[in-house]
Amino acid sequence: MAERLFGLQGHGTTVKTELLAGGTTYLTMAYIVFVNPAILAAAGMDFGAVFVATCLAAAAGSAIMGLYANYPVALAPGMGLNAYFAFSVVPAFGGDWRLALGGVFLSGVLFFLLSVSPLRERMVNAIPRSLKYGIGAGIGLFLALIGLKNAGIVVADPVTLVTMGDVAAPAALLAAGGFMVLVAMQVRRVPGAIMLTVLAVTAVAVALGLQPFEGIAALPPSLAPTLLQMNVAGAVQVGFVTIVFVFLLVDLLDTTGTLVSVAQRAGMMDAEGKLPRLRKAMVADSAATMIGAALGTSTTTSYIESAAGVDAGGRTGLVAVTVAVLFVASLFLAPLAAAVPPYATAPALVFIACLMARSLADIEWADISETAPAVVTAIAIPLTFSIADGIGLGLIIYAAVKLLAGRWREINAAVAILSAAFAFKLALQ
């Protein structure tokens, strides 16, 4: 049956290799079952319900990707988008996370429509490459700021806006130590380094009496507090355009980048450098976003950590199906997830930020008209504490610089419309 579903022989792999690759991918991304509930709980959502929604959304998305698109790519609620959801969208909706879930669902619907039409590639290509790199780095820096805040290393200050916190506090010391250990493990290529670090910091906190512990496994919590709680109609009425656009844009860029990267590693590109079954992969990703919103979590997207499974030999959708099964098994780890304090996830957030910041190296530094908008975007996202505002400022500056420099032909129609729309939005604030 595995051969019939996934074509293992044609991809030069075996069931054993695919299962091991799936386990490797799972270990590299399982941290999300601890981190995502903690972030969304800050927006007022029920921790236990979000934990279940995270596991189920990851399982459903990975299963669809594996069975429908036959890609060795796993999915889960995305880092960066969950922070945008909790710290930008929910406050913008007056603290109503149900409206925010409605926005996520609508972005999934639009993503699905784009995935079955030629507009998908046109939209991705319309965003200037430099801004894509700036957006990726900016989201990473946003995560770093949240992580440092959770650890108490960075705190608010009425004069300087931010300043150094009490770095001698136990939370700050554990977070800093965890980050250094995490980087060292990554250098040594230890599988599951991020998850092991989160668990290790939690274990030390429990041992020192800083965090209560009620066990490792139990029956899953109730999903009822978040299941089908999305308010789609309300989201349409409450200035949803910008928010849905950001969800859609970031998910689209993230998914495209992940699929290209993983496909290159797996040798899946055809002679023309195109991805096979790309439409199916995009449909799977958009379906996962809609399912995740219905369950009660922020945008579900493809994970670049899937490259770890490819490096372990994974080549087919059996890898993703294996990850799906392991996320279902994770449902019974709710007590362990509840014991993870915010500062235990801080090393993971800062480490992921370091990985995402690498995109700055790909900016065309020789052309200041490309560099300046990208750098402003990367800086503005964390400092405005808003992915949407950061992207908007980057687009406005990009269009204005090109226009004033006499290079208006480099401004495509999509950028012109989006920059004008963001400028109008900011003018009304």
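Analyst: Two residues are in contact when heavy atoms of theirs lie within 4.5 Å. Please keep in mind that this is a predicted model, in which local features need pLDDT of at least 70, side-chain atom pairs count only at pLDDT 80 or more, and totals for chains, interfaces and linings use all residues. Residues are numbered from 1 along each chain as its sequence is written, and side-chain values use heavy atoms, with hydrogens and water left out.

User: How many Å separate the C-alpha atoms of Leu318 and Ser117?

Analyst: These two residues are 201 places apart along the chain. Their C-alpha atoms are separated by 27 Å.

User: What is the radius of gyration of the protein?

Analyst: The radius is taken over C-alpha atoms, and the globule rule is 2.2 Å times the number of residues to the power 0.38. For 429 residues, a compact globule would come near 22 Å, and the protein agrees with this. Its C-alpha atoms fill a box of roughly 60 × 60 × 45 Å along the principal axes. The radius of gyration of the protein is 21 Å.

User: Which element has the lowest mean pLDDT?

Analyst: pLDDT is the predictor's confidence in each residue, from 0 to 100. The protein averages 83, and 92% of the residues score at least 70. Where pLDDT is low, the predicted coordinates should not be read in detail. Among the elements, helix 9 (residues 170–187) has the highest mean, 93, while the lowest, 64, belongs to helix 7.

User: Is Ala69 buried or exposed?

Analyst: Ala69 sits in helix 4, which covers residues 47–69. Not counting residues up to four places away in sequence, Ala69 touches Ile64, Arg277, Lys280 and Ala281. Its relative accessibility is 0%, so Ala69 counts as buried.

User: Where does Thr289 lie?

Analyst: Not counting residues up to four places away in sequence, Thr289 touches Val104, Ser107, Gly108, Asp251, Thr299 and Thr300. Thr289 is buried because its relative accessibility is 0%. The element that holds it, residues 278–295, is helix 13.

User: Asn70 is not a glycine, so what is its phi?

Analyst: Asn70 belongs to the loop between helix 4 and strand 1 (75–77). With a relative accessible area of 10%, Asn70 is buried. Its phi is positive, at about 55°.

User: Is Arg189 buried or exposed?

Analyst: Look for Arg189 in the loop between helix 9 and helix 10 (193–207). Although not a glycine, Arg189 has a positive phi near 60°. Its relative accessible area is 74%, so Arg189 is exposed.

User: How many strands does the protein have?

Analyst: Helices and strands are both present here. The protein has 20 helices, and its strands number 4.

Key
Helices (H or I, at least four residues) and strands (E, at least two) are DSSP runs, numbered from the N terminus. Buried means under 20% relative accessible area, exposed over 50%, partly exposed in between (1.4 Å probe, protein chains only).
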